[in-house]
Amino acid sequence: MHLPSLLTERFADALSRCPFASQIEDLDRYAGMIRPAGNPKFGDYQANCAMPIGKLVAGSNPRQVAADVIEQLRLDDVCETPEIAGPGFINLRLKDGFIQDRLSEMLADQRCGIRPVGSPKTILIDYSSPNVAKPMHVGHIRTTVIGNCLAKTLKFLGHEVITDNHLGDWGTQFGIIIYGYKHFGDPEVVRKDPVPELAKLYRIVHQLMGYHKAIENVPKYEAEIARLEDLHAAAIHEAESAVGKEAKKKRKSADSLAKKIASVKSDLKSARKAIAATDNDPVMKQRAQAHPNIGAAVLDETSKLHADDPENLALWEQFLPHCKDEINRIYSRLNVTFDHTLGESFYHPMLAEIVDDLKARGLASESDGAICIFLDQFDAPMIIQKSDGAYLYATTDLATLRYRQETFQPDEVLYVVDARQSEHFEKLFAVAEATDLTDAKLVHVSFGTVLGEDGRPMKTRSGSLIGLESLLDDAVQAAYEVVCNPDRLVKLDPPMDEQEKRLVSERVGIGAIKYADLAHDRTSDYKFNLSKMVALSGNTSTYAQYSFARTTSILRRNGVTADEVVERVKQSGITLTEDAERALGLQLLQFQEALQNVYDDYRPNHLVDYVYSTAEAFSKFNDQCHVLNAETEQIQNTRLALVVLTGRVIKQALELIGIEVVERM
Ligand code: ARG
C-alpha cells in the first residue's frame, strides 16, 4: 500500500473538477505534491498543491484554491475532513477505520502489504566489481553493500533485476602479480598455498612501485610547497596592506593557499613514510635497488598479457581461480550473490571491434596516434586506444555497455562505483548517448569514502588499506562483547550456549557493518566506528535486530504464534485505542513508501531510516501498551497483531539490507 499514491489519485480527480482546471497545465504534477506531515499534530500527510496553483489562477489565492480542492475531494473513506493551514497547506488525517482495515489486510499478506509494481523495469546493477589479485579491503564495503541492498529492494518491488560483478580481472594488478611471481615468487609455494602467497607477491611489488614513485615525487612536492609558500606569504603581505573588501579577498586566497600547502605536505609525509618503510627493511631495500624501473616493467607484463603472450596468459589462467576463491569466501560471509560475474577479461575479444566500429561510424578519430572520442561538453576527449595499441578501462566499459544492451536490453543500468570515478562515468554516459550504444537510462550510483577515526581514508598502521576480512572479524568480536555480555543475557531462558552466541554475534557483527554503511547518505564520507556500530541503542542494526527479537519474545510470553494471531484477528478485527498503537500502525503502513523512496533516488538510507523509525515506534508502543494484561481481548488481539506486523516488517526490511535476524538476543 503506497499511501501517497492513493492520495495523489484522489487529488488528481478533485483538481480536474475544480473551477480553475482548464487554466492549469499538467494538473497531475500538482496532484502529486503529497508529503508526510511535518508535525503529527497537523495530521499524517499534507497536500501542497494549492500554493503553486494559487499563483497561477488569476483573481484567486492559495487558500481559496485549497478550499476549492477540498470541495471537490472524494476522500471520506480515507481521511477525516481536510483542514487548511497557513498559506494554503491541506492537512490530511487518515481515519482510524481506514488504518485498521489496511492493517488487517497487511496481516493477511505475506509480503507485508507490498504490491509489486504494475510495469516492471529491467534493471542491471553493476556492483562490487573489485580488482582481484589483491585481497578485498575496506573500500569494497560500500559498493558491495549498497549494490546488494538496491538489488534486493528493487526485486522485492517487482522489477526484473540483473546483477553483474564487473571484476577487474585483466588490469595492471595482474601485471603486478605476474612480475612478482617471475622475480620474487617460489613456484612451489604458489602451487601449494596460492592465496596468501599471491597476496604477498602483490604487496611486495606494490610497495616497491610505491617506493620509486615516492622517490620521484618528493622533490616535486618540495618544490610545490616552496612555490605555494611564496604565494601564501605574498597574499598575507597584500592582505595586510589592503583595506575593506580587497583585504578580505586576499585573506581568503591566503587561506585557500594554506589549505593547499597542508594537503601537499601531507602527501609529502606519506611519500617519506613509504620511502622509510623500504629503507628500514634491508631485504626490501635491496630489492628496490635491484628493480629501479619496476613501474614500467609491470606495465610491460600487463601489455604482454593483453597481447596474448603465452607465458603470461598461462600464469593468468593459473592465478585467476585462486583470486576468485578468495573474494568468493568474503561474498559468502557477507551473504552476497550475483547473477553474473563477467569480468573485464570477458570483453577483451570485443575491444578491437568496438574501436573499429566507432571509427567506421566517424565517432572516433585519431589524434596524436591515439584513438579518441571528442565530446563538446568535455575539454579532454575519451581515449579508447593508446598510441601503443593498448585499450583502456573506458574501452572495456563501452564494450560492456553494448554487450549488456544486446544481451539483456535493460531499461536502466546502475553503476555502484566510488565518487572518484564520476568523471569517467560522465564521459561514458555522454559517449553512450552520442553513439547510440544503448537506450537504457544510465546512472552512476556514486558514494563517498570510509574514513578512519582521524577523518582520513581508513588505513592500517603500515599505511595499507584495511583488509575486509579482518574488519569483519573485528566487528563480530565487538558484537560478541556487546550482545553476549553475561549481564545482558541473564534473563534468557534457556541461556545461550556458545554455539548460539557465535551465531548471534556473526549476524549482529556483519549486520552492523552493512547497516552503518547504508545508514549514511551514500554520497557523503563517513567515519568507521565499530563500537558505535554495534551499540545496542541508537540507529544501529543491533537495535533493529533486538527489536525483532523482542517481538518474538512477546509472542512467546503470550503463548501464541504469529499464525494464531492472524487467525484471531480474522475474527475480531483490529481496533486502535491508544495513540502509540495508531502511530505504530501508520508507520507499518508506510513500508512501501520507504522502498519506493530507495528506488526513486537509489538511496538505501531511506530504508535504514525507516527501520529505525519503526523500531522507535515499536519501543514507544511497548512502553505504553500492555499486551499480556490488555483491558479486553479485542485490544489484546490488536496489540498482538501490531507485534506480529512489526516483527515481519523489520525482518523483511533487514533482509533487504542484507541482514539476518535472530529469534533471541
Ligand atoms: N574495478 C573497478 C575499480 O575497482 C570498478 C569497476 C566498476 N564498474 C564498471 N563498469 N566500470 O575501480
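Predicted model: local features only at pLDDT ≥ 70, side-chain atom pairs only at ≥ 80, totals over all residues.

**Entry 1. Ground rules.**

**Entry 2. A cis bond.**
With that definition in hand, I looked up Pro494. I find Pro494 in the loop between helix H19 (486-489) and helix H20 (498-519). The peptide bond that joins Asp493 and Pro494 is cis. Its omega is about -5 degrees.

**Entry 3. The whole chain.**
Next I took the overall numbers. I count 27 helices and 13 strands in the protein. The C-alpha atoms fill a box of roughly 85 × 70 × 65 Å along the principal axes. Of the 665 residues, 39% count as buried.

**Entry 4. Annotated regions.**
In the model, residues 5-94 are 39% helix and 14% strand. The end C-alpha atoms of that span are 14 Å apart.

The record, again as an unreviewed entry, gives a "coiled-coil region" at residues 211-274. I find that span to be 97% helix and 0% strand. Its end C-alpha atoms lie 6 Å apart.

The annotation "domain: DALR anticodon binding", also from the unreviewed entry, covers residues 544-665. Here the chain is 75% helix and 0% strand. The end C-alpha atoms of residues 544-665 are 11 Å apart.

**Entry 5. Two helices packed together.**
At what angle do helix H7 and helix H9 pack? I read about 95 degrees between H7 (residues 172-184) and H9 (residues 194-241), with the axes 8 Å apart. An angle of 65 to 115 degrees counts as roughly perpendicular, so H7 is roughly perpendicular to H9. From H7, the contact uses Ile176, Ile177, Tyr179, Gly180, Tyr181 and Phe184. From H9 come Leu198, Leu201, Tyr202, Ile204, Val205 and His206.

**Entry 6. Around the ligand.**
Which residues are around the ligand? I list Asp126, Ser129, Pro130, Asn131, His166, Gly168, Asp397, Thr400, Tyr415 and Val417. Helix H16 (393-408) and strand E10 (412-418) are the elements that give two or more residues to this shell. The shell divides into 3 nonpolar, 5 polar and 2 charged residues.

**Entry 7. Positive phi outside glycine.**
I then looked at the loop between H16 and E10, where Gln409 sits. Gln409 has a phi near 40 degrees, a positive value in a residue other than glycine. Is Gln409 buried or exposed? It counts as exposed, because it has 12 C-beta neighbours inside 10 Å and the cut-off for exposed is 12 or fewer.

Tyr602 is another non-glycine residue with positive phi, near 50 degrees. I place Tyr602 in the loop between helix H25 (591-601) and helix H26 (605-624). Tyr602 is buried, because 20 other C-beta atoms lie within 10 Å and buried starts at 20 or more.

**Entry 8. Two isoleucines.**
Ile146 lies in helix H6 (residues 140-156). I find 26 other C-beta atoms within 10 Å, so Ile146 is buried. Leaving out residues up to four places away in sequence, Ile146 touches Val416, Val445, Phe447, Leu518, Arg522 and Pro604. I also checked Ile146 against Val662. They are 516 residues apart in sequence and 22 Å apart in space, C-alpha to C-alpha.

Ile330 lies in helix H13 (residues 310-334). Ile330 has 19 other C-beta atoms within 10 Å, so I log it as partly exposed. Beyond its neighbours within four places in sequence, Ile330 is in contact with Met136, Leu468 and Glu469. From Ile330 to Lys386 I read 56 residues in sequence and 36 Å in space, C-alpha to C-alpha.

Notes. Residues numbered from 1 in each chain as written. Axes fitted to C-alpha atoms, helices over the stretch in contact; angles between N-to-C directions. Helix = DSSP H or I, 4+ residues; strand = E, 2+ residues; numbered from the N terminus. Parallel < 35°, antiparallel > 145°, perpendicular 65-115°, else oblique. Contact = placed C-beta atoms within 7 Å. UniProt positions renumbered as here; feature names shortened; annotations may be inferred. Near = placed C-beta within 6 Å. Nonpolar A, V, L, I, M, F, W, Y, C, P; charged D, E, K, R; others polar.
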